[in-house]
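I am opening a notebook page on this structure. I will look up one feature at a time and write down what I find.

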Amino acid sequence: QTYIINTMKLSTGSSNQKLSIKPFKQLPTLPTNYDIDIWNKLKKALDDVKEKKASEISKEELYQYVENLCIHKFSSKIY
């Protein structure tokens with residue numbers, strides 16, 4: 001199945017173009033140690049907070065890591 005989307009006219013004066021979106025041929029998979037790698041990043045950020053250091057990772061990235069772990073059914077490991 002292919003989805004066709006009409007795009008708006010660009011400010012450069014080019015004409016309307018169509019964008020076609022096709023489904024993945026193969027579903028994407030997570031890297032093998034994804035949960036462990038992300039947990040190590042979260043643990044480092046927590047240690048930085050405990051030691052009153054500035055974290056190298058933004059709050060937005062940390063939130064995204066937790067959200068991704070929950071979406072991929074790893075929430076029991078971070079609870």
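Which residues make up the largest nonpolar core? I looked this up first. The core has eight residues: Y34, I38, L42, A45, L62, Y65, L69 and F74. The elements that give two or more residues to this core are α1 and α2. The most comes from α1, with four residues. I note the term: a nonpolar core is a set of buried Ala, Val, Leu, Ile, Met, Phe, Trp, Tyr and Cys residues joined through side-chain atoms within 4.5 Å. Buried means under 20% relative accessible area, exposed over 50%, and partly exposed in between, with a 1.4 Å probe and protein chains only. Nonpolar side chains tend to be buried together in soluble globular proteins.

Before going on, I note the ground rules. This is a predicted model, in which local features need pLDDT of at least 70 and side-chain atom pairs count only at pLDDT 80 or more, while totals for chains, interfaces and linings use all residues. Residues are numbered from 1 along each chain as its sequence is written, and side-chain values use heavy atoms, with hydrogens and water left out. Helices (H or I, at least four residues) and strands (E, at least two) are DSSP runs, numbered from the N terminus.

I38 lies in helix α1. I38 counts as buried because its relative accessible area is 5%. Leaving out residues up to four places away in sequence, I38 touches Y65 and L69. Contact here means heavy atoms within 4.5 Å. I38 and V66 are 28 residues apart along the chain, and their C-alpha atoms are separated by 8.3 Å.

Where does the lining of the largest pocket come from? I found that α1 (34–50) and α2 (59–71) each supply at least two of its residues. The largest share, six residues, is from α1. The pocket has a volume of about 200 Å³. Its lining has 13 residues, and L42, A45, L46, V49 and L62 lie nearest its centre. I sorted the lining into nine nonpolar, one polar and three charged residues. For this count, Ala, Val, Leu, Ile, Met, Phe, Trp, Tyr, Cys and Pro are nonpolar, Asp, Glu, Lys and Arg are charged, and the others, Gly among them, are polar. A pocket is an open set of points on a 1 Å grid over the protein atoms alone, where a 1.4 Å probe fits, with protein on both sides within 12 Å along at least five of seven lines; lining residues have an atom within 4 Å of a point. Grid points are joined across faces, edges and corners, and the volume is the space filled by probe spheres set on the points.

Is D48 buried or exposed? D48 is buried, because its relative accessible area is 7%. D48 has its place in helix α1. Beyond neighbours within four places in sequence, D48 is in contact with K53, A54, S55 and E56.

K52 lies in the loop between α1 and α2. Its phi is near 60°, a positive value in a residue other than glycine. K52 counts as exposed because its relative accessibility is 79%. K73 is in the loop between α2 and α3. K73 has a positive phi of about 65° although it is not a glycine. At 71% relative accessibility, K73 counts as exposed. Most residues other than glycine have a negative phi. K77 is found in helix α3 (residues 75–78). K77 is exposed, at 55% relative accessibility.
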